[in-house]
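This report describes selected structural features of one protein chain. Please consult the sequence and the structure below while reading.

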Amino acid sequence: MVHAQFDPTARQALAAAAVEAKTRKDLTWQQIADAAELSPAFVTAAVLGQHALPAQSAVAVAALLGLDDDALLLQTVPTRGSIPGGVPTDPTIYRFYEMLQVYGTTLKALIHEQFGDGIISAINFKLDVRKVADPEGGERAVITLDGKYLPTKPF
């Protein structure tokens, strides 16, 4: 695909094809991540169009999904951001939006109190999602957002 890295619709089409192949082959994101030799969160984000995969990982993922012709596209730097304008309507994504609406100012206050003026990097960043038993019955989701703190620097 010539200039596919400049066409966000190519990455969206690849993401759709990859999810279809994942479903057809009854694969988990963990199995795909194992083939890529990277974390499930990073590989899932990459396959869904939010990251570029290293060459070896891209080839392995493309082969596993039967999308060999798209290994190069999996290596291109995408146009990031998967939530088109406005408040998200998908219930799962909306709950994260709601959590930030409720706790965003709290997170900001606690981060600034502990670290000072600055931001948490979304580039130097790790994400983990785990399922744990709830002592009251059922299950809980434990989501870890682990970003490097970057202080504001005067210039």
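At what angle do helix α2 and helix α3 pack, and how far apart are their axes?

## Packing of helices α2 and α3

In this predicted model, helix α2 (residues 29-36) packs against helix α3 (residues 40-47) at an angle of about 95°, and their axes are 8 Å apart. Because angles of 65 to 115 degrees count as roughly perpendicular, α2 and α3 are therefore roughly perpendicular to each other.

On the α2 side, the contact is made by Trp 29, Gln 30, Ile 32, Ala 33 and Ala 36, and on the α3 side by Pro 40, Val 43, Thr 44 and Val 47. By class, this contact comprises 7 nonpolar and 2 polar residues, with no charged residues.

Strand β1 (residues 118-133) and strand β2 (residues 139-151) run antiparallel and are joined by 12 bridges. Within this pairing, Lys 126 stands opposite Asp 146 of β2.

The two strands form a hairpin with 5 residues between them. In the turn, Gly 137 has a positive phi of about 105°.

## Aromatic pairs

The count of aromatic pairs comes to 2. One of them is formed by Tyr 94 and Tyr 97, a tilted pair with 5.8 Å centre to centre and 40° between the planes. Tyr 94 and Tyr 97 are 3 residues apart in helix α6, which means that about one helical turn separates them.

## Confidence of the model

The chain has a mean pLDDT of 92, and 96% of its residues reach 70 or more.

Notes. Residues are numbered from 1 along each chain as its sequence is written. This is a predicted model: local features need pLDDT of at least 70, side-chain atom pairs count only at pLDDT 80 or more; totals for chains, interfaces and linings use all residues. Side-chain values use heavy atoms; hydrogens and water are left out. Axes are lines fitted to C-alpha atoms, for helices over the stretch in contact, and angles run from 0 to 180 degrees between N-to-C directions. Helices (H or I, at least four residues) and strands (E, at least two) are DSSP runs, numbered from the N terminus. Angles under 35 degrees count as roughly parallel, over 145 as roughly antiparallel, 65 to 115 as roughly perpendicular and the rest as oblique. Contact means heavy atoms within 4.5 Å. Ala, Val, Leu, Ile, Met, Phe, Trp, Tyr, Cys and Pro count as nonpolar, Asp, Glu, Lys and Arg as charged, and the others, Gly among them, as polar. pLDDT is the predictor's confidence in each residue, from 0 to 100. Two strands pair if DSSP finds at least two bridges between them. Rings of Phe, Tyr and Trp (its six-membered ring) pair if their centres lie within 6.5 Å; planes under 30 degrees apart count as stacked, over 60 as edge-to-face and the rest as tilted.
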